[in-house]
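The following exercises are to be worked through with the sequence and the model in view. Each task is followed by a solution in steps.

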Amino acid sequence: MTTTAQWLLADVAATDTLTAKTLPVGTSSTRRVLLRTAVAVNPGDALDVSARAQITNDTGKIIGVGSALWVYDVDLEPVVPVSERPWSQIAPHLADNCDPDRHHMPLHMGAWWVVPADWPPGHRVMVAYQAAAFRTAPAAGETVRVDQGYGQLVVRRYVPAPAPV
């Protein structure tokens, strides 16, 4: 017999505020945060994350675009810069090519992440949807546009249901 944990929806956090207007085209990682939101969590909670955005490729070249979902502790002590905090990837990278004929490329991603047992109770987790643009020989200053009005990040926080009596 297989059993599965039962979950209760405790909170929903959502944003459609895109933090990047463009993605620089590079030859390796040029990740930029597209969307982010913070959620107070406890060990054993679970997050159901869905994210979407859209880019426009006006370069006339084939551009690869990859995205992934990441988390980090907002309330980490001692306070350290965000770039130096430990980030954990909660969904594998997804990537596709956007050629000049395609022009617009939607980005979609989702993840289910259970907050680890060693997470400090009550600390907020920042959920960040990141993307990067790349090609073999990018031109200096080359970018793709992050289309405003097409992004959304939704984080549903679930808590374990009480055990049946």
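A pocket is found on a 1 Å grid over the protein atoms alone: it is an open set of points where a 1.4 Å probe fits, with protein on both sides within 12 Å along at least five of seven lines, and its lining residues have an atom within 4 Å of a point. A volume is the space filled by probe spheres set on the points, which are joined across faces, edges and corners. The model is predicted, so local features need pLDDT of at least 70 and side-chain atom pairs pLDDT 80 or more, whereas totals for chains, interfaces and linings use all residues. Residues are numbered from 1 along each chain as its sequence is written, and side-chain values use heavy atoms, without hydrogens and water.

**Exercise 1.** State how much space lies in the largest pocket, and find which element gives the largest share of its lining.

*Solution.* Step 1: the space amounts to about 170 Å³. Step 2: among the lining residues are Val71, Tyr72, Asp73, Trp113 and Trp119. Step 3: the largest share, three residues, comes from β5; strands are DSSP runs of E of at least two residues, numbered from the N terminus.

**Exercise 2.** Classify the pair formed by tryptophan 7 and tryptophan 112.

*Solution.* Step 1: rings of Phe, Tyr and Trp (its six-membered ring) pair if their centres lie within 6.5 Å; planes under 30 degrees apart are stacked, over 60 edge-to-face, and the rest tilted. Step 2: the structure holds five such aromatic pairs. Step 3: here the centres are 5.5 Å apart and the planes stand at 75°, so the pair is edge-to-face. Step 4: tryptophan 7 belongs to strand β1 and tryptophan 112 to strand β7, so the pair ties together parts 105 residues apart in sequence. Step 5: ring pairs link Trp7 and Trp112 with Tyr158 into a cluster.

Note on methods: Helices (H or I, at least four residues) and strands (E, at least two) are DSSP runs, numbered from the N terminus.
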